[in-house]
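Let's walk through this structure together with a few questions and answers. Have the model open beside you as you read.

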Amino acid sequence: MSLSQKEQSLRQLIADKIAATPNQRISFADYMDLVLYHPQQGYYATGAVNIGSEGDFFTSSHLGNDFGELLAEQFAQMWDMLEHPKPFTVVEMGAGQGLVAADVLSYLYRQYPDCFTALDYIIVEKAAGLITQQQQVLNQLNLPGLPLRWCTFDQISENSITGCCFSNELVDAFPVHQVVLEKKQLQEIYVTTVTTEADGINFGEVTDESSTPELKEYFQWMGVDLYSGAYPEGYRSEVNLAALDWMKTIADKLKRGFLLTIDYGYSNDRYYLPARHQGTLKCYYRHRHHDNPYVYIGQQDITAHVNFTALEWQGELSGLQTVGLTKQGLFLMALGLGDRISALSGSESRQGHAIAGAQDVIRIMRRRDALHQLIDPTGLGGFTVLVQGKGLSQEKARSLKGLTIPPMA
């Protein structure tokens, strides 16, 4: 397989990084960070990321405006619960192509103009390629007084945010350390260079002692006894230390309000099941998933499931309270998605008898299918929604509409 010039360049860059280390290797977390986020060559940084129905993967926002609009409903209620602060700061972390931001901003402008006027919408995005795509989408909104800006976490003061920080399918793309159980010892997986004249620069794996004591401490903290005899030789999994640092950073920035995290993942006891002996790492290339992170370098997404127990516990250590944990399908139904499905069914029955309305019926059926995909428990609807808070009374925090028991459509 011939490699593109861009991929060859990234392979050489990684090989140079490896050659510069004393042991001629880097942790898998460092490797994943380079292939996804290197500012000139990485998958997310260069614009190589291809999101959507024809791309490497798609997200809830690609199924129409409903996902972002229902999130906006929740943000508007949060603004009420926080007693109409001005500014009401909404921080979107990892905004993809900007579709959720566009839908949230447009909906608040139309339906909650007072909230929109109080709004300060911040996008925190480290990938230059995605920032360019976001600006192209959001510059087309043409909303008067658009309360939108991009900045880094370093540019946000501590205890300055009153509002909501949120992410959708972000934490799964944080660089993870990979570990393996060998001879009843926890070993870390490192990436090293394998060079052949025929194939150019390739990468392989070696194992050794952990690069940081935090890995063993993590399993102790999680209460996972890898040496109990239940875990097979060669048991392999991931540790997302970056997610813990991220959680602490947000807690430090948040003065009063909410943190909303939507992603795919498991609770701790399900994440580290002995039967899940190959971990959760997946690669996505042109809507096909596989488990080889050493091909299509810089051209494919690499992800790992999120340990939501770790996010909860780290949040509590950082001064956040756990407000609620639910599934995306239930969350969106509670915010009104069921009403939207019912309204579509009524429109279909009214227009289905008219020959002139055939195209409308097709459009309605496609939209109804998209709405059902948002709540499909085997797909996007099975994603976890974690809500954490700071500076809130328990009674007020638990009255969030998205955490109520939804009516069944």
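Predicted model: local features only at pLDDT ≥ 70, side-chain atom pairs only at ≥ 80, totals over all residues.

**A sheet and its helices**

Q: In β5, which residue is the bridge partner of Thr 89?
A: Strand β2 covers residues 88-93, and β5 covers residues 161-168. They pair in the parallel sense over four bridges. In β5, the partner of Thr 89 is Gly 163.

Q: Which strands are the edge strands of the sheet?
A: Seven strands make up an open sheet with mixed pairing, in the order β4-β3-β2-β5-β10-β17-β16. From one strand to the next, the twist averages 15 degrees. An edge strand here pairs on one side only, and that picks out β4 (148-150) and β16 (321-327).

Q: At about what angle does helix α3 run to β10?
A: Look for helix α3 at residues 66-81. This helix lies across β2, β5 and β10 (254-263). Its angle to β10 is about 160 degrees.

Q: What angle does the direction of helix α8 make with that of β10?
A: Helix α8, residues 241-253, packs on the sheet. There it touches β2, β5, β10 and β17 (384-390). Its direction and that of β10 make an angle of about 145 degrees.

Q: How many degrees of arc do the buried residues Leu 215, Tyr 218, Phe 219 and Met 222 of helix α7 cover around the axis?
A: Leu 215, Tyr 218, Phe 219 and Met 222 are buried in helix α7 (residues 214-222). They lie on the same side of α7, because the arc they cover around the axis is only 90 degrees.

Definitions and conventions: Residues numbered from 1 in each chain as written. Heavy atoms only, no water. Pairing = 2+ DSSP bridges. Helix = DSSP H or I, 4+ residues; strand = E, 2+ residues; numbered from the N terminus. Axes fitted to C-alpha atoms, helices over the stretch in contact; angles between N-to-C directions. Contact = heavy atoms within 4.5 Å. Buried < 20%, exposed > 50% of the residue type's maximum accessible area, 1.4 Å probe, protein only. Arc of directions from axis to C-beta.
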